[in-house]
Structure formats: C-alpha cells, structure tokens
Amino acid sequence: MLISRNKTKLRYIIGIINKVTSNMLITAEYLHLVKILDKLVAANQLTKDEKLVLLHKSGLIKLKDGVWKEPSGATLTFN
C-alpha cells in the first residue's frame, strides 16, 4: 500500500513538472536542433537567415555570432 501511494505521488509531481516545462526545450534539444539546422543549411534546403529565425523562434536569444541565450538564462556557444 505504501509503494502504491509513493508511485501516485511521484506521478503527480512528474505531471506538474511536465505541465510547467512542456513548452520549453532543454539544452540537449537546442543542441540537437542546431545540428539538424546545420545539416539543412549544408544541403541548401535552408538559408543561414532562415536558420537564425528558427533558432530565435525556438526561444533562443542571439547575443552575438555563435552565442545564444536560453530562456533559462544559460548561454550556448555554437561554431
């Protein structure tokens, strides 16, 4: 019975966390997005300007060339 209650509490907490963070990407997802966009630019399926627009729409703020800020405040540097 105790295990069942703990599982229920854990599911409830995970549900709350998912509701709060579901609209935000995590750092690993931003890094994956950059890799995908770089491949699209290399394949001439996307321009560099379109890549920058998509990164901005994803929630990143451009600080300077190759340096972006996440909504959480973390700074990402891309080559």
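**Exercise 1.** What is the order of the strands in the open sheet, and which pairing do they have?

*Solution.* The model is predicted: local features need pLDDT of at least 70 and side-chain atom pairs count only at pLDDT 80 or more, while totals for chains, interfaces and linings use all residues. Residues are numbered from 1 along each chain as its sequence is written, and side-chain values use heavy atoms, with hydrogens and water left out.

Step 1. The open sheet has three strands in the order S1-S2-S3, with antiparallel pairing. Strands are DSSP runs of E with at least two residues, and helices are runs of H or I with at least four, numbered from the N terminus. Two strands pair if DSSP finds at least two bridges between them.

Step 2. S1 (61-64) and S3 (75-77) are the edge strands, each pairing on one side only. Direction ignored, neighbouring strands are turned by 30° against each other on average.

**Exercise 2.** Locate the bridges on either side of S2.

*Solution.* Step 1. S1 and S2 are joined by three bridges; Lys-62 has Trp-68 in S2 as its bridge partner. In the hairpin of these strands, with two residues between them, Gly-66 takes a positive phi near 80°.

Step 2. S2 (residues 67-69) and S3 are also joined by three bridges, and Val-67 has Thr-77 in S3 as its partner.

**Exercise 3.** Describe how H2 packs on H3.

*Solution.* Step 1. H2 (residues 27-42) and H3 (residues 48-57) pack at about 160°, with axes 10 Å apart; axes are lines fitted to C-alpha atoms, for helices over the stretch in contact, and angles run from 0 to 180 degrees between N-to-C directions. The helices are therefore roughly antiparallel (angles over 145 degrees).

Step 2. Contact means heavy atoms within 4.5 Å. Leu-33, Val-34, Leu-37, Asp-38 and Val-41 of H2 meet Lys-48, Lys-51, Leu-54 and Leu-55 of H3. By class, this contact has six nonpolar, no polar and three charged residues.

**Exercise 4.** Which side chains meet in a salt bridge at 2.4 Å, N to O?

*Solution.* Step 1. A salt bridge puts a side-chain nitrogen of Lys or Arg within 4 Å of a carboxyl oxygen of Asp or Glu. The whole structure has two salt bridges.

Step 2. Lys-51 and Asp-38 form the one at 2.4 Å. Lys-51 lies in H3 and Asp-38 in H2, 13 residues apart.

Conventions
Angles under 35 degrees count as roughly parallel, over 145 as roughly antiparallel, 65 to 115 as roughly perpendicular and the rest as oblique. Ala, Val, Leu, Ile, Met, Phe, Trp, Tyr, Cys and Pro count as nonpolar, Asp, Glu, Lys and Arg as charged, and the others, Gly among them, as polar.
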